[in-house]
Each structure stands twice: as C-alpha cells, then as structure tokens.
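The sequence and model come just below.

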Amino acid sequence: MRPQRTSIHAVTTWVRRQPPKVKAFLAVVSGMAALVLLRFIVHDHDNLFVAAEAVHSLGISVLIYKLMKEKTCAGLSLKSQELTAIFLAVRLYCSFVMEYDIHTLLDFATFVTTVWVIYMIRFKLKASYMEEKDNFAIYYVVAPCAMLALLIHPSTSHHLLNRISWAFCVYLEAVSVLPQLRVMQNTKIVEPFTAHYVFALGVARFLSCAHWVLQVLDSRGHLLVALGYGLWPSMVLISEIVQTFILADFCYYYVKSVFGGQLVLRLPSGVV
C-alpha cells in the first residue's frame, strides 16, 4: 500500500504544481476519458441516470445520519439547502403541469428530505450552525438564473410561465452547491460526513452529466433537436457540465485525502 500511496502523492504533487491552464486541460482530458470508458462499459446509458439518483440518495443518507446521530450541522450550508429546496419546488411544479413521471416521485422524496434538513438546521441544531461562515449571498445566483431563464427557455408548446420556470430550475440546480463550497472554503477543514455528502453530490452530477452527453452522442444530436430550437438545448447541456466542474476541484482533494489516509479533509486556499 505504501508504494501506491507514494505514486499517488507524486502524481498529485505534479498536478498541483501545474499552471491553471494545464490543470483545466487535464480536467477536460480526464472527463473525456471517463466518458469514453462509461460509453463502452455501460450499454444502457439510462442506467447512468439511475446510478446518479442512487449516489445522490446515498449522499442524503449520510447527511441524515450526521444530523440525527452526531447532533450537529456544523460545516453545512443552510443557503445551499434552501437553494436546493427552491429549484426542487419549481421542478416539481413543472413536472406536475408538463411531464409527470417517476422522476416526479424521486424529486418529491428529495424535496421532503431537503425541507427536513432545513428545519433541523434552523431550529433543532441551530446552536451548531456556522452562520458567520455561511456568508454567500444567494441573490447572486437566484437573480442571474431568473434573468437567464427569461431570456433563454424551452420553445415547447407549454405556457410561457411554465417554460421559464423549467429553465430557472435547470440553471439554479447547476449553481446551488456554491454556498456549501463557500462554507468549506471559509472553514478550510471539512469533517468526514460533510465531505462524503459533497463528494456524493459531485459523483451524482458527473453521472448525470455523462448520461446527458452520451444520450446526445447516441442520438447523433437528435436529442438536442427534440428539446427545442435556439440556445435552450445547448444551455441544458452546458448547465450539466457546469455543475459537474464546480465540484471537480473538491472531488480531487477528497480523493487525495482518502488515499492519503486522512479522516479530515483540509482544503487549500482558492479551491472554490
């Protein structure tokens, strides 16, 4: 095990010393390699979406365990949970009026859990809430997402309000984790359960992004056409990619910490 850790340490040290452009290039290459691997390994790419939901559920289970057993919400961002509740509520509305299916039930279960987490942080475990660290102004993401939804939204036959709402929840989901990353950046030290939860979010979003990208490739672009015309189809794909890369840096340090045998994750400055 020691030689393996030494090799991993050497690789991570080399990557850390590279300039930002090289790091970005390496991240893109790694993402493309993972997509190619998934395309050959997973024959039914719809299974990637199921896997994403499963990993997300696992992350939520870790979060529930932390709140119920550890009796603390230290390190968690209330604002991220509130943003999650907002986009889930809007998506549930859109699902009911536009495309009611099994995903509606999954979103409802996630919404109920998120509301429970918000209740626990606000009332039951308020004493351990790190409010001074959770200082990300949510209007910095809500307002731009709303404006973008007004400008770029689906071109389907549904009511305009429903189409704008749909676009709003897609954009807001992509950036809803930013307050949580800000909290972790402010504290610099992330305890295990919070790190497991955020890492699960990162893996789930990568699998969801892979599902979309591979579906587009398999349909030879017909899926984008089916979503409508204009900029909307591209924005859906871009949103999936953005929410994946937002968490990529954290996931890198998480994996490095796990292989290094560290229970507590320490983040350097400038991760977010």
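**Helices α4 and α7**
- In this predicted model, L83, I86, F87, V90, R91, Y93, C94, V97 and M98 of α4 touch L161, N162, S165, W166, F168, C169, L172 and E173 of α7, contact meaning heavy atoms within 4.5 Å.
- That contact has 13 nonpolar, two polar and two charged residues (Ala, Val, Leu, Ile, Met, Phe, Trp, Tyr, Cys and Pro count as nonpolar, Asp, Glu, Lys and Arg as charged, and the others, Gly among them, as polar).
- The axes of α4 (residues 78-98) and α7 (residues 160-175) come within 9 Å and cross at roughly 145 degrees (axes are lines fitted to C-alpha atoms over the stretch in contact, with angles from 0 to 180 degrees between N-to-C directions).
- Helices are DSSP runs of H or I with at least four residues, and strands are E runs of at least two, numbered from the N terminus.

**Helices α9 and α11**
- α9 (residues 192-218) packs against α11 (residues 232-259) at about 145 degrees, with axes 8 Å apart.
- Their contact includes F199, R205 and W212 of α9 and E240, L247 and Y254 of α11.
- By class, this contact has 16 nonpolar, five polar and two charged residues.

**Annotated spans**
- The unreviewed UniProt entry annotates "transmembrane region" at several spans, including residues 104-123 and 135-152; positions follow the numbering used here, feature names are shortened, and annotations may be inferred rather than shown by experiment.
- Residues 104-123 are 100% helix and 0% strand, with end C-alpha atoms 28 Å apart.
- Residues 135-152 are 72% helix and 0% strand, with end C-alpha atoms 29 Å apart.

**Basis**
- Residues are numbered from 1 along each chain as its sequence is written.
- Local features need pLDDT of at least 70, side-chain atom pairs count only at pLDDT 80 or more, totals for chains, interfaces and linings use all residues, and side-chain values use heavy atoms, without hydrogens and water.
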